[in-house]
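Subject: A structure for you to look at

Hi there,

Here is the structure I promised to pass on. Please open it beside this message, and then read on for what turned up.

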Amino acid sequence: MTRRFLFVLGSARPDGNTELLARRAAEQLPPDVEQQWIDLAAHPLPDFQDLRHDSDHVRPTEGPVAHLLDATLAATDVVIASPLYWYSVSAQTKRYLDHWSGWLRTPGLDFKATLAGRTLWGVTALAHEEPEVADPLVGTLNNSAAYMGMRFGGVLLGNGSKPGDVLKDTEALARAKTFFAQEAPLARFPYEAG
């Protein structure tokens, strides 16, 4: 299967530090690797409604939810590019992940089986010098990948607050050059490690 990367941009502002860092990493992908970029601010998802016990889920056929669903199913690699907002993913990104819950229960999708074995990656910019403050974001993505039976390539961290700051983070830019070239292991919940 030809690799196809879906970049899900979860920033509240266009061309933010997280997107800049993700684009630097994406520049290193081979030319035959397909890339699709979806900005959640430009394609806003409605709030997720948990209908597990109330009604049957129906596959969305139009609008942002259908667009994101189709793009997610087509991707071999899903890249969550979310700035660190209050120590986790942005609200837009969390809403996208919440919709996975509905897609898991949509008849005929086989959403979990389709994503199993594919790879989830993260890219984030944070204002702190200490990378440990991003642990909740990393945990959210790792645990989501583990639940889905996906591989997890980790999170590319960069430092930046003001627009363009991340381009001064030479260590992050160096990591971006090889980030997507690494082998992504099967994701495991923390209690499974060891």
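Does Ala-75 count as buried or exposed? At 1% relative accessibility, Ala-75 counts as buried (buried means under 20% relative accessible area, exposed over 50%, partly exposed in between, with a 1.4 Å probe and protein chains only).

Before going further, please note that this is a predicted model, in which local features need pLDDT of at least 70 and side-chain atom pairs count only at pLDDT 80 or more, while totals for chains, interfaces and linings use all residues. Residues are numbered from 1 along each chain as its sequence is written, and side-chain values use heavy atoms, with hydrogens and water left out.

Back to Ala-75, which is found in the loop between α2 (63-74) and β3 (77-81). Helices (H or I, at least four residues) and strands (E, at least two) are DSSP runs, numbered from the N terminus. Leaving aside residues up to four places away in sequence, Ala-75 touches Arg-4, Leu-6 and Arg-118 (contact means heavy atoms within 4.5 Å). Arg-4 is 71 residues from Ala-75 along the chain, yet their C-alpha atoms are separated by 5.0 Å.

Next, the aromatic rings. The whole structure holds 14 aromatic pairs. Rings of Phe, Tyr and Trp (its six-membered ring) pair if their centres lie within 6.5 Å; planes under 30 degrees apart count as stacked, over 60 as edge-to-face and the rest as tilted. Phe-5 and Phe-7 are a stacked pair, at 5.9 Å centre to centre with 25 degrees between the planes. Phe-5 is buried, with a relative accessible area of 0%, and Phe-7 is buried at 0% too. The ring centres of Trp-103 and Phe-111 are 5.4 Å apart and their planes are at 70 degrees, so this pair is edge-to-face. Both Trp-103 and Phe-111 are buried. One aromatic cluster is formed by Phe-5, Phe-7, Trp-37, Trp-121, Phe-179 and Phe-180.

Finally, two helices. Helix α3 (residues 91-104) and helix α5 (residues 135-148) pack at an angle of about 10 degrees, with their axes 12 Å apart (axes are lines fitted to C-alpha atoms, for helices over the stretch in contact, and angles run from 0 to 180 degrees between N-to-C directions). That makes α3 roughly parallel to α5 (angles under 35 degrees count as roughly parallel, over 145 as roughly antiparallel, 65 to 115 as roughly perpendicular and the rest as oblique). Leu-97, Trp-100 and Leu-104 of α3 meet Thr-140, Leu-141, Tyr-147 and Met-148 of α5.

Best wishes
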